[in-house]
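Hello,

Here is the structure we talked about. Please open it and keep it in view as you read my notes.

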Amino acid sequence: MFMQIRKGMSEEDGQQYYALVNLADTEITRMASDYSDNELELFRKAMDLIVESENGMACSTDILNLADKLQSKKMKKKEVEGVLQRLVVDKWLCEKNGEYTLSTRCIMEMEQYIRNMYQDLVKLCNICHNIAIQSQMCENPSCGIKMHVPCVARYFRGRTEPHCPACNEFWPHEIPVISRSQSQIPSPSQPASSKENSAPSTKTPRSSRLRK
Ligand SMILES: [Zn+2]
Ligand SMILES: [Zn+2]
């Protein structure tokens, strides 16, 4: 078996996660036992929206509008809502205030797929060198580096004038503040919490297997 333990970081709060990733089988097709063809098509198209966006998010309205653009079989908006809910429960997507992002699990398990699919679009974080989806981007067109939000917070902490680490242009985005408890070092009092929220680390990662 080609299993590997991978380390990843939440793009949300910078927490580190570990996932057991099956290297022989990292494509979206592995989701096929849990999702039908048009549901997978919806997921791929939602992923397109997320990866192609500047900040790594897609709003629910845009995803719902995919309903009648599906080629395999059209869906009603209500059905799309249901699929989105399942994708969140199964930890492929995260939702916050109507904005959808790729989950830590999704980025870790589908890293190869994302790199193949979106070769030129995908950028690595200038700080941690992992794939940067949910991120801030330098607005200098000849630079355009990306940084994860928690990496931005850490990098600019304590600096008065934020400048791009690559081109030195002013960094025009809001500098997020990551609270101490959410920093990259998990506090020893809650060692299990990061594990719980991360990708399930067993050989049967799909929680929906327990559905019936
Ligand atoms: Zn980063
Ligand atoms: Zn720059």
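**What I found**

Cys164 is buried, with 2% relative accessible area. Keep in mind that this is a predicted model.

For comparison, the ideal angle for four tetrahedral donors is 109.5 degrees.

Is Cys167 buried or partly exposed? Its relative accessibility is 27%, so Cys167 counts as partly exposed. The cut-off for buried is under 20%.

Now look at Cys143. Cys143 sits in the loop between strand S8 (135-137) and strand S9 (146-148). Leaving out residues up to four places away in sequence, Cys143 touches Lys123, Cys138, Cys164, Ala166 and Cys167. Glu169 is 26 residues from Cys143 along the chain, and their C-alpha atoms are 9.2 Å apart.

**First zinc site**

Which residues coordinate the zinc ion (ligand 1)? They are Cys125, Cys128, His148 and Cys151. The cysteines use SG, and His148 uses ND1. The distances are 2.1 to 2.3 Å. This site is tetrahedral too, with angles of 95 to 118° among its 4 donor atoms. The donor spacing is C-x2-C-x19-H-x2-C.

Take the pair Cys128 and Cys151, which links distant parts of the chain. Cys128 lies in the loop between strand S6 (123-124) and strand S7 (131-132). Cys151 lies in helix H6 (residues 149-156). They are 23 residues apart. Cys128 is partly exposed, at 26% relative accessible area. Cys151 is buried, at 1%.

Helix H3 covers residues 77-89, which is 13 residues. At 1.5 Å a residue it should span 18 Å. Its end C-alpha atoms are 18 Å apart, so the model agrees.

Which residues of H3 are buried? They are Val80, Val83, Leu84 and Leu87. Seen down the axis, these buried residues fall within an arc of 105°, so they line one face of H3. The background is simple: an α-helix has 3.6 residues a turn, so residues three or four places apart point the same way.

The buried residues of H3 pack against helix H1 (37-52), helix H2 (60-64), strand S4 (93-96) and strand S5 (99-102). The face turned away from the buried side carries the exposed residues Lys78, Gln85 and Val89. After H3 comes Lys91, with a positive phi near 65°.

Helix H1 has 16 residues. From first C-alpha to last it reaches 22 Å, close to the 22 Å expected. Its buried residues include Leu40, Leu42, Phe43, Ala46, Met47, Ile50 and Val51.

The protein averages a pLDDT of 82, and 79% of the residues score at least 70. Confidence is highest in strand S3 (residues 58-59), at a mean of 97. Confidence is lowest in helix H7 (residues 193-197), at a mean of 41. Over residues 182-212 the pLDDT is below 50. Beyond near neighbours in sequence, that stretch has 39 contacts in the model. Where pLDDT is low, the predicted coordinates should not be read in detail.

Best wishes

Conventions
Residues numbered from 1 in each chain as written. Chains lettered and ligands numbered in written order. Predicted model: local features only at pLDDT ≥ 70, side-chain atom pairs only at ≥ 80, totals over all residues. Heavy atoms only, no water. Donors = N, O, S within 2.8 Å, 3.2 Å for Na, K, Ca; no water. Tetrahedral: all angles 85-135°; square planar, octahedral: opposite > 155°, others 65-115°. Helix = DSSP H or I, 4+ residues; strand = E, 2+ residues; numbered from the N terminus. Buried < 20%, exposed > 50% of the residue type's maximum accessible area, 1.4 Å probe, protein only. Expected span 1.5 Å × (residues − 1). Arc of directions from axis to C-beta. Contact = heavy atoms within 4.5 Å. pLDDT = per-residue confidence, 0-100.
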